[in-house]
Amino acid sequence: MASAHQIKVGGVPIGGGAPVVVQSMTLTKTHDVEATTAQIAALASAGCEIARVAVPKREDAQALPLIVRLSPIPVIADIHFNASLALEAIDAGVHAVRINPGNIGGPDKTEQVVKAAKRAGIPMRIGANAGSLPKHLEELARTDTAEALVVEALEQVAILERLDYRDFKISVKASHVPTMIRAYRMLSERVPYPLHLGVTEAGTPFAGAIKSAVGMGSLLMDGIGDTMRVSLTADPVKEVEVAWEILKSLGLRERGPVMIACPSCGRDNVGVESLAVVVEQRLRDYPEAFEVAVMGCAVNGPGEAGDADFGIAGGRDVGFVYAHGRVLKKVSSDVLIDELFNEIDRWIADGMPRPKRLKMAKPAALAMAEASLIPLGSPQ
């Protein structure tokens, strides 16, 4: 991606051309080690690559050594206002700390934390949030919140650079999507450091996923952003799932299958929504990266989804299974999904060979007219 400078959180590279990293944050009380490590494990299983835990109290900091030891992924300690907790977290072996150099207790406290991070060889995350800008930027924020976010971030950068510390990433998060986009675009032109993307307080899964996709997707398409967290009012596993869908839809990362499905229309003979829900559910069991198309009729299916590795086009009584732009077979509708997954499993077992040409060699209408002559259950 765009950031020239690279840091490492645990063994995970961020910036400097590394793939965009998916992060999330636990909802548990961090001092509850059993609950916190269970949630980190669930996040890791969903594809989370770095987990952040809140450390508001000393009992949370005291739990960190065991959490770090049990966690399958790097752990970041999220700390505000209390330099002592930051120092304790660093001593506990966390892989990074998230602080605000402007509110950690003054220049002396900031220097103590930076020196400790240097000794431990770990990075920091710094940055600004539209909901908690310092008083001296309130007037600017009323006229241009994005500019105020960037000014605050650059002030924090200056503090760390004066201490000869450059092992950090930056965020400028806002809940207002246009503000967030503008702030990150401005900041990306001013610094070489990795940028952590997020639409803060995005909301419930439906609205929050849309806001996050629009905000972070716009930036990622511009080559801006090195890590991301989708902030949802939900189980954090949902955050990870949405993050991966964003990255997969942009072609930036691969993790598991991608499903495309046509919208419902008057030609829908099978109830494409129900069909798509079942296929999507079954695809969750596959770690391999491939694309499956679900079409509700035999008119445009292969043509509209010709790039998919596999697909189905439904009909009232029969449907078609196709792969790589070629109709494979005509089958009874009641076994259409099972036949699709039989073909997928066979293809995976054979090493997932992909033909060079994925587009249909024939127009969709002609291919489907020919396919209609295939005997039921027989390959083409």
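Me: Buried means under 20% relative accessible area. This is a predicted model, and I would like to start with strand E7: which residues point the other way from Met-124, Ile-126 and Ala-128?

Reply: Let's take the strand side by side. Strand E7 covers residues 124–129, and six of its six residues are buried, so the rest of the structure largely encloses it. Met-124, Ile-126 and Ala-128 share one direction, and facing the other way from E7 are Arg-125, Gly-127 and Asn-129.

Me: Which residue of E8 is the bridge partner of Met-124?

Reply: E7 and E8 run parallel and are joined by six bridges. Met-124 belongs to E7, and its partner lies in E8, at residues 168–173. That partner is Phe-168.

Me: And on the other neighbour, what is the bridge partner of Arg-98 in E7?

Reply: E6 and E7 also run parallel, here with two bridges. Strand E6 spans 96–98, and Arg-98 meets its partner in E7. The partner is Arg-125.

Me: Is Ile-99 buried or exposed, and with what relative accessible area?

Reply: Ile-99 sits in the loop between strand E6 and helix H4 (107–120). Its C-alpha lies 8.1 Å from that of Gly-127, although the two are 28 residues apart in sequence. Buried means under 20%, and Ile-99 counts as buried because its relative accessible area is 0%.

Me: Why is the ring pair of Phe-168 and Tyr-193 called tilted, and at what angle are the planes?

Reply: Two rings are described by the distance of their centres and the angle of their planes. Phe-168 in strand E8 and Tyr-193, in the loop between helix H7 (177–188) and strand E9 (196–197), link parts of the chain 25 residues apart, and both are buried. Planes under 30 degrees apart would be stacked and over 60 edge-to-face. The ring centres are 4.2 Å apart, and the pair is tilted because the planes stand at 35°.

Me: How many aromatic pairs does a search of the whole structure find?

Reply: Ring pairs link Tyr-286, Phe-290, Phe-310, Phe-341 and Trp-347 into a cluster. A search of the whole structure gives a count of aromatic pairs, and that count is six.

Me: Which element gives the most residues to the lining of the largest pocket?

Reply: The largest pocket has a volume of about 830 Å³. Of its 20 lining residues, the closest to the centre are Glu-241, Glu-245, Lys-248, Glu-280 and Arg-284. Helix H1 (33–46), helix H9 (236–249), strand E11 (258–261) and helix H10 (272–283) give two or more residues each. With seven residues, the one that gives the most is H9.

Me: How many residues of the lining of the second largest pocket are polar?

Reply: This pocket holds about 480 Å³ of space. It is lined by 27 residues, and His-80, Arg-98, Asn-100, Asn-129 and Ser-132 are the closest to its centre. Strand E7, helix H6 (145–162) and strand E8 each supply at least two residues. Six lining residues are nonpolar and nine charged, while the number of polar ones is twelve.

Me: Near what value is phi of Asp-164?

Reply: Most residues other than glycine have a negative phi. Asp-164 lies in the loop between H6 and E8, and it counts as exposed because its relative accessibility is 55%. Its phi is positive, near 55°.

Me: Which residue takes a positive phi in the hairpin of E14 and E15?

Reply: E14 (residues 318–323) and E15 pair in the antiparallel sense over six bridges, and Tyr-322 has Val-327 of E15 as its bridge partner. Five of the seven residues of E15 (326–332) are buried. Two residues lie between the strands, and the residue with a positive phi, near 55°, is His-324.

Definitions and conventions:
Residues are numbered from 1 along each chain as its sequence is written. This is a predicted model: local features need pLDDT of at least 70, side-chain atom pairs count only at pLDDT 80 or more; totals for chains, interfaces and linings use all residues. Side-chain values use heavy atoms; hydrogens and water are left out. On a 1 Å grid over the protein atoms alone, a cavity is a set of points where a 1.4 Å probe fits but cannot get out, and a pocket is an open set with protein on both sides within 12 Å along at least five of seven lines; lining residues have an atom within 4 Å of a point. Grid points are joined across faces, edges and corners, and a volume is the space filled by probe spheres set on the points. Helices (H or I, at least four residues) and strands (E, at least two) are DSSP runs, numbered from the N terminus. Ala, Val, Leu, Ile, Met, Phe, Trp, Tyr, Cys and Pro count as nonpolar, Asp, Glu, Lys and Arg as charged, and the others, Gly among them, as polar. Buried means under 20% relative accessible area, exposed over 50%, partly exposed in between (1.4 Å probe, protein chains only). Two strands pair if DSSP finds at least two bridges between them. Rings of Phe, Tyr and Trp (its six-membered ring) pair if their centres lie within 6.5 Å; planes under 30 degrees apart count as stacked, over 60 as edge-to-face and the rest as tilted.
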